[in-house]
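Subject: Structure handover

Hi,

Here is the structure I promised you. Please open it beside this email and follow along.

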Amino acid sequence: MDDDSALQTAELSAIYDAIYADRDDAGFWEAMAAAAGDGPILELGCGTGRVLLPLARAGFEITGVDLSARMLERCRAKLQAEPPEVRDRVRLLAADMTSFDLGQRFAAIICPFAGFQQLRTVGQQLACLDRCRSHLLPHGRLVLDLPNPDPAPAEYARDETGAGEAAAQLVDWTDGRRIRWWMTVSGYERMQQCNDCEVTYEIIEADGSTRRLTETISLRYTFRYELEHLLVRAGFLVVALYGDYDCSPFADESPAMIVAAEPSGA
Ligand SMILES: C[S@@+](CC[C@H](N)C(=O)[O-])C[C@H]1O[C@@H](n2cnc3c(N)ncnc32)[C@H](O)[C@@H]1O
């Protein structure tokens, strides 16, 4: 990697933390971890540690796995700034959530903020659930956090030119900089329930000059009963379905689709 792309790569992870700093899910994940008792927690797709680090600070022993070297690198750097007792509670590993083998079982496995949505095929989803089942204690709990998908295809189809940018959000960043960012659907495979989203981050420097970074994310939309069937097929019993981080029941207008499941026959 040349210097410019290394810088861009590191910057994307820092931007991630800036634009998602206000997500209102910390209390929910702490409650899920507390419900698991004193047992260790595994976070799939831990990214920059946005969820993992507060859980470690709250006293939970937590392992984070992620496929992205740059997200893990930022997580490690943030972890270094924590007190030793917090650092001691955390283990970070570069691994794929469809094939990890950690040699340990967990009281809870969590996959916050649509990490499971980045698995593009049913084969990958089942492989991930198989790994989860093999890594859970008998009454351990798996919690997957997905968006509530809208069955109207318009939400996923290719955007009209400029539609994504018209909905851009502006976020304050460090050193007087701001980030204007938006997402554009650049590809749509209806039969696969997948789309490709191009995310543009326009960095507005303190002097007003701008520059842009982009990244592409592939997402698969999973519907409520599809998810429940998948879990049963993978040997799980669905124990709760929430529609938001306040644990309200899943409903038509719910922003999220958060499922909690336990290994069946435990
Ligand atoms: C939207 S981010 C969520 C990060 C973090 N859990 C949070 O809530 O902020 C999804 C994360 O999943 C990771 N990811 C995607 N596919 C993965 C895979 N197959 N195995 C492990 N991690 C994966 C990405 O690198 C990214 O860090």
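**Ground rules**

This is a predicted model, in which local features need pLDDT of at least 70, side-chain atom pairs count only at pLDDT 80 or more, and totals for chains, interfaces and linings use all residues. Residues are numbered from 1 along each chain as its sequence is written, and side-chain values use heavy atoms, with hydrogens and water left out.

**Two domains**

The protein chain splits into domain 1 (3-149 + 222-263) and domain 2 (153-220). Those bounds come from an automatic or database domain assignment. Their C-alpha centres are 23 Å apart. Domain 1 puts 20 residues into the contact, and domain 2 puts in 21 residues. Contact here means heavy atoms within 4.5 Å.

How much area do domain 1 and domain 2 bury between them? The figure is about 1,800 Å², with 55% of it on carbon and sulfur atoms. Buried area is the accessible area (1.4 Å probe) that two parts lose on being put together, summed over both. On the domain 1 side, Ile15, Ile19 and Arg120 supply 35% of the area buried against domain 2.

Five salt bridges run between domain 1 and domain 2. A salt bridge is a side-chain nitrogen of Lys or Arg within 4 Å of a carboxyl oxygen of Asp or Glu. Nine residue pairs are in polar contact between the two domains, both residues being at pLDDT 80 or more. A polar contact is a pair of N or O atoms within 3.5 Å; within protein, one must be able to donate a hydrogen and the other to accept it, and residues adjacent in sequence count only if both atoms are side-chain atoms.

Which elements give two or more residues to the side of domain 1 that touches domain 2? They are helix H1 (3-19) and helix H6 (122-135). H1 gives the most, with seven residues. That side of domain 1 divides into 10 nonpolar, six polar and four charged residues. Ala, Val, Leu, Ile, Met, Phe, Trp, Tyr, Cys and Pro count as nonpolar, Asp, Glu, Lys and Arg as charged, and the others, Gly among them, as polar. Helices (H or I, at least four residues) and strands (E, at least two) are DSSP runs, numbered from the N terminus.

**Around Arg50**

Find Arg50 in the loop between strand S1 (41-44) and helix H3 (52-57). Is Arg50 buried or exposed? Arg50 is buried, at 18% relative accessible area. Buried means under 20% relative accessible area, exposed over 50%, and partly exposed in between (1.4 Å probe, protein chains only). Beyond its neighbours within four places in sequence, Arg50 is in contact with Tyr16, Asp17, Tyr20, Arg23, Asp25, Lys78 and Phe113.

Asp25 is buried, at 1% relative accessibility. Arg23 is partly exposed, at 24%.

**More salt bridges**

The whole structure holds 19 salt bridges. One of them joins Lys78 and Asp17, with the closest N and O atoms 2.8 Å apart. Lys78 lies in helix H4 (residues 69-80) and Asp17 in helix H1, so the pair ties together parts that are 61 residues apart in sequence. Asp17 is buried at 13%, while Lys78 is partly exposed at 23%.

Arg70 pairs with Glu215 in a salt bridge, at 2.6 Å between the closest N and O atoms. Arg224 pairs with Glu228 at 3.0 Å. Both Arg224 and Glu228 lie in helix H8 (residues 224-233), four residues apart, about one turn of the helix. Arg224 is partly exposed, at 29%, and Glu228 is buried, at 18%. Elsewhere, salt bridges with shared partners link Glu165, Arg180, Glu202 and Arg212 into one network.

Most residues other than glycine have a negative phi. Phe113 has a positive phi of about 45 degrees, though it is not a glycine. Ala114 also has a positive phi, of about 65 degrees, and is not a glycine either. Phe113 is in the loop between strand S4 (106-111) and H6, and Ala114 is also found between S4 and H6. Phe113 is partly exposed, at 24%. Ala114 is buried, at 13%.

Best wishes
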